[in-house]
Amino acid sequence: GVAVLALIHDLLRAADWAARLVLLTGGAIGADGAPDDVLASPACAQAFEVVVTRHSVPGRQEPFYSFD
């Protein structure tokens, strides 16, 4: 198999590109899994100090996220 490790701080881009995300926070794994699961996790909101909201967009298969 083939694996690619990319360090990306742009959460929207990471969610679009990856089938799996690993969120590192405080030197440890805070969340690991599908982009939807990781971005919706309390660990993601805490690590980036934001409220993450998932939106469905007509004509787009993947969800869109906003960070407030």
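## The largest pocket

H1, E1, H2 and H3 each contribute at least two residues to the lining of the largest pocket, with helices (H or I, at least four residues) and strands (E, at least two) taken as DSSP runs numbered from the N terminus. E1 gives the largest share of that lining, four residues. The pocket holds about 630 Å³ of space. Among its 19 lining residues, Ala-6, Leu-7, Ile-8, Leu-21 and Val-22 are the closest to its centre. By class, 17 lining residues are nonpolar, one is polar and one is charged.

A pocket here is an open set of points on a 1 Å grid over the protein atoms alone, where a 1.4 Å probe fits, with protein on both sides within 12 Å along at least five of seven lines; lining residues have an atom within 4 Å of a point.

## About the model

This is a predicted model, where local features need pLDDT of at least 70, side-chain atom pairs count only at pLDDT 80 or more, and totals for chains, interfaces and linings use all residues. Residues are numbered from 1 along each chain as its sequence is written, and side-chain values use heavy atoms, leaving out hydrogens and water.

## The nonpolar core

Eleven residues form the largest nonpolar core, including Leu-11, Leu-21, Leu-23 and Tyr-65; such a core joins buried nonpolar residues through side-chain atoms within 4.5 Å. H1 supplies the largest share, three residues.

## Ser-66

Ser-66 sits in strand E4 (residues 64–67). Ser-66 is buried, at 18% relative accessible area (buried means under 20%, with a 1.4 Å probe and protein chains only). Its side chain makes a polar contact of 2.8 Å with that of His-55 (N or O atoms within 3.5 Å, one able to donate a hydrogen and the other to accept it).

Key:
Buried means under 20% relative accessible area, exposed over 50%, partly exposed in between (1.4 Å probe, protein chains only). Grid points are joined across faces, edges and corners, and a volume is the space filled by probe spheres set on the points. Ala, Val, Leu, Ile, Met, Phe, Trp, Tyr, Cys and Pro count as nonpolar, Asp, Glu, Lys and Arg as charged, and the others, Gly among them, as polar.
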